[in-house]
Every structure is written in structure tokens, then in C-alpha cells.
Amino acid sequence: MPNENLDFWPADLGGGDPDAPVVLLRTQASLLGQKVKSILEARVSTDAFGGSGFRHTFELVVPAISYSYRLFWIQHGVDPYPVTWTLESQQGTLASKEEFTEWLRGTLGSDRTKRIIQTLLAQASG
Amino acid sequence: MVFPETRGRAAFAMVTFLFWNIHKRPLQDLIVALAREHEVDVIMLAECRLPEHVLLEGLNEGEAHYHFAHGLCEAVRVFTRFSSEFLVPRFESDRISLRHLTLPACIEVLLAIVHLPSKLHFSEKSMAFECVALSKKIREQEAALGHSRTVVVGDLNMNPFEDGVTGTEGLHAVMSREVASRGSRTVQERPYPFFYNPMWSRFGDRPDGPPGTYYYDRSEHVTYFWNIFDQVLIRPELVPRLDSDGPTVLSKVGGTSLLAPDGRPDQRGASDHLPILFRLTL
């Protein structure tokens with residue numbers, strides 16, 4: 001039995017921050033598969049980045065043809081916000097979950113994303 | 001393609017590659033002339049706003065050879081003198097296209113065609129991080145394909161000596177064949193594969209070529225004037241297959257100079273970048 005007095009860790013570590021950017025990304029990634037019958041998948045990969053932060057890359061994957069397309073990536077430090085995004089050689093910073101959510105909504109719902117998804121679906125079914 | 005030798009069942013083809021950042025200019029006539037003069041097999045263009053059909057009409061005038069090799073990367077356009085089914089995209093982003101070249105009876109090659117962001121938009125640190133991401137993707141694809149015969153070609157918007165190109169976590173490209181031939185090196189217990197970067201020897205005044213591929217005169221204390229942003233990096237395994245002339249920085253097409261009278265890239269008549277040409281025996 002560990003001596004409770006020698007356990008310095010917080011009792012309420014919980015299961016991770018539900019507001020973390022990566023959680024929102026993974027949620028959106030899982031939703032795409034349902035919409036396109038898993039012909040196309042969205043994947044989020046995470047790297048330790050620059051020694052003091054994390055980079056989450058959002059990719060669209062066509063398993064049938066072993067093809068993937070990087071839609072964007074985001075970076076943040078130990079704190080989940082602010083988030084820096086990189087998309088089409090543009091970069092920007094989002095200070096809060098609300099700002100990030102709006103940016104993500106706009107990016108995934110954009111004409112560009114729709115066009116890329118349609119092209120990939122055509123490739124997969126061709 | 002030229003087939004210089006045959007050993008048993010395998011034919012080794014000399015494949016000619018051309019990369020050119022054409023600066024959004026309508027240079028179809030020069031591109032066609034370059035393709036004919038050097039019998040180019042793979043044409044890779046950055047900052048190309050020309051509709052594909054315009055280039056194909058020129059390239060295929062008289063005899064149909066060239067195909068547009070589709071991809072989702074809008075930063076580079078690729079045309080091949082063979083069916084585009086032999087150059088299949090594996091991974092792409094808005095700036096990177098990793099394609100698997102699988103010509104019949106030739107060894108397979110992973111071709112990474114890139115046009116990395118401009119320093120006008122990205123800091124030097126961000127540029128280095130781009131190279132880290134590119135390097136990771138290349139290694140992922142090499143693992144998936146089961147070989148590391150990879151060529152990186154394009155406008156890196158960095159010189160060969162910058163951190164993103166030379167660093168272990170970046171492209172890890174070195175100036176010496178001998179060093180690259182070690183294959184990889186281990187730093188802090190992690191192995192990092194080399195690229196050989198032959199572009200180092202294209203710097204400065206030389207009898208057979210311009211001092212770089214891109215000229216930029218900035219009013220600040222340190223400026224290089226001539227830069228080599230347009231590069232070819234080759235994994236050690238492919239180095240013996242690189243044509244002995246190595247990559248050539250082209251400064252003329254037929255009788256037309258790509259340089260202005262002051263010796264710099266002719267931005268009005270051609271592009272602010274010079275094209276690079278190289279051949280591999282595959």
C-alpha cells in the first residue's frame with residue numbers, strides 16, 4: 001500500500017482537458033468518416049514540437065489509394081491556448097477556445113475543403 | 001527517356017528532370033523550348049498559372065508525348081513524357097507533392113516536389129519547421145514504400161546552408177558525397193538519414209553557370225545577392241545514379257538568355273528564378 005502522505009500528485013487529474021484543441025480536431029475527424037462512409041478519413045497526428053509545445057496535423061486520407069492530404073496544422077505550448085494555425089502558407093493566432101472553434105468551423109466548411117474532399121472522393125471511387 | 005544499357009531483364013533509363021519557378025509568367029514558349037532542347041521527361045513548375053491545356057498544346061505540337069500529372073498540390077504542376085500513371089501522388093499539401101515514380105523496368109523513386117513558403121510570409125524559424133514536417137513525411141513514405149530512393153526538388157525558399165536544409169530534424173542535406181555516403185548519423189542516440197545536396201557547388205562565379213538561381217539585393221547589412229533557393233537533394237542510395245554533370249542551373253534556352261544584360265535573372269523576359277535540370281539513371 002502506498003503511503004498517501006508520500007503521493008504528491010493531485011487527486012483530481014481527470015481524463016484530459018475537453019476543451020483542448022486536439023479534442024475538437026479529433027471530434028471533427030471522426031465526424032467526416034460518418035459523412036462519407038469511410039471512403040475518406042480525417043486523421044489527426046500529434047508531435048512534440050520545438051521542445052516546448054505540440055503540433056497537431058489534420059490530414060485527409062484515402063486508404064484505398066494510400067494517399068493523404070495535409071489540410072492544415074496547429075501548434076500550441078503546454079497551455080492549450082493560444083493556438084497558432086498554418087494553412088496555405090498563411091499563419092494566425094487564436095487566443096481562446098471560442099476563437100479556435102470559429103476558425104475550425106470556417107476552415108472545414110470552406111469551399112476549398114469541400115473541393116478537396118470532392119476530388120478525393122472521386123479518386124477513391126474511380 | 002534514353003536507355004543507355006541493358007543488363008539481363010532490367011533496362012536502365014536515363015530520366016531527365018526539369019524544375020522551374022516561372023514567377024506566374026506566361027513562359028510556355030520557353031518551357032516548350034527547354035523540354036525539347038534537353039529532352040525533358042518530367043517537367044515540374046512552381047508559380048505556374050498557365051492552364052494545363054496551353055502547355056500541353058505547346059509540348060505536344062507535332063507529336064503527342066506529354067501528359068499532365070494530376071495532383072492536389074496547387075503550388076507545383078507536373079508534366080511527364082510518359083503516362084502519368086507512373087507518377088502517383090502519395091502525400092500532398094498546398095506546398096508539397098510526394099509522388100512515387102514507378103517507370104517500367106526501372107527502379108522506383110520517391111519524388112518530393114516542393115515550393116516552400118516565401119520568407120516574406122514565414123519567419124526563418126517557421127521555414128525550418130516546414131522542413132521538419134517535410135522530412136517526417138518523406139521518412140513515413142519511405143517506410144511505407146520500403147525504400148529510401150528519394151529525390152527532393154523544388155524552390156525551398158532557403159539556401160543550402162540554412163538550418164531547415166542542413167539540420168538533422170530538417171532535411172539533413174550535406175554538401176559532400178563522401179559524407180552523405182555514410183547514409184545517416186546518430187545524434188543524441190537518434191539516427192538521421194542524409195541527403196546529398198549537390199547545389200552547394202553551384203554557388204558563386206563559375207565558368208559554366210550563373211552564381212545561383214535567384215538574385216535578391218536587400219538593403220540590409222547581410223545579404224548574399226545570389227541565392228540557391230531552387231535545389232535538388234538526393235538520398236545517398238541514388239547518388240551514383242546522378243548524371244556526372246549533376247544538376248545544372250540553366251541560363252539560356254537555345255539562343256535565348258534567361259539573364260538580363262546585368263547578368264541577373266531576366267524577370268521581364270523570363271522569370272526571377274533560373275531553371276534547374278538533372279538526370280538520373282533509373
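Q: Two strands pair if DSSP finds at least two bridges between them, and with that in mind, how many bridges join strand β4 of chain B to β5(B), and in which direction do the two strands run?

A: This is a predicted model, and in it strand β4 (residues 67–68) of chain B is joined to β5(B) by two bridges, with the strands running antiparallel. One place to look is B:His67, whose bridge partner in β5(B) is B:Thr80.

Q: Which sense, parallel or antiparallel, describes the pairing of strand β3 of chain B with β5(B)?

A: Strand β3 (residues 42–46) of chain B pairs with β5(B) in the antiparallel sense, over five bridges. Here B:Val42 is the residue that stands opposite B:Thr80 in β5(B).

Q: Which way do the residues of β5(B) point, and are they buried or exposed?

A: The general idea is that in a regular strand the side chains alternate between the two faces of the sheet. In β5(B), B:Val76, B:Val78 and B:Thr80 point one way, while B:Arg77 and B:Phe79 point the other way, and all are buried. Strand β5 (residues 76–80) of chain B is accordingly described as mostly covered, with five of its five residues buried.

Q: How should I read the contact between the two chains, and how many residues does each chain give?

A: A contact has two sides, and here ten residues come from chain A and eleven residues from chain B. On the side of chain A that touches chain B, β3 (67–77) and α3 (111–125) of chain A are the elements that give two or more residues, and β3(A) gives the most, with four residues.

Q: Which strand of chain B is joined to β3(A), and how do the two run?

A: β3(A) is joined by two bridges to strand β6 (residues 87–92) of chain B, and these strands run parallel. Within β6(B), B:Phe91 is the bridge partner of A:Ser68.

Q: At what angle do helices α1 and α2 of chain A pack, and why are they called roughly parallel?

A: Helix α1 (residues 21–35) and helix α2 (residues 97–108) of chain A pack at an angle of about 30°, with their axes 11 Å apart. Angles under 35 degrees count as roughly parallel, and α1(A) and α2(A) are therefore roughly parallel to each other. Their crossing is right-handed.

Q: Which residues meet where α1(A) and α2(A) touch?

A: From α1(A), A:Pro21, A:Leu24 and A:Gln28 meet A:Phe100, A:Thr101, A:Leu104 and A:Leu108 of α2(A). The residues of this contact divide into five nonpolar, two polar and no charged.

Methods. Residues numbered from 1 in each chain as written. Chains lettered and ligands numbered in written order. Predicted model: local features only at pLDDT ≥ 70, side-chain atom pairs only at ≥ 80, totals over all residues. Axes fitted to C-alpha atoms, helices over the stretch in contact; angles between N-to-C directions. Parallel < 35°, antiparallel > 145°, perpendicular 65-115°, else oblique. Left-handed = near helix turned anticlockwise from the far one by under 90°. Contact = placed C-beta atoms within 7 Å. Nonpolar A, V, L, I, M, F, W, Y, C, P; charged D, E, K, R; others polar. Pairing = 2+ DSSP bridges. Buried ≥ 20, exposed ≤ 12 C-beta atoms within 10 Å, placed from the backbone.
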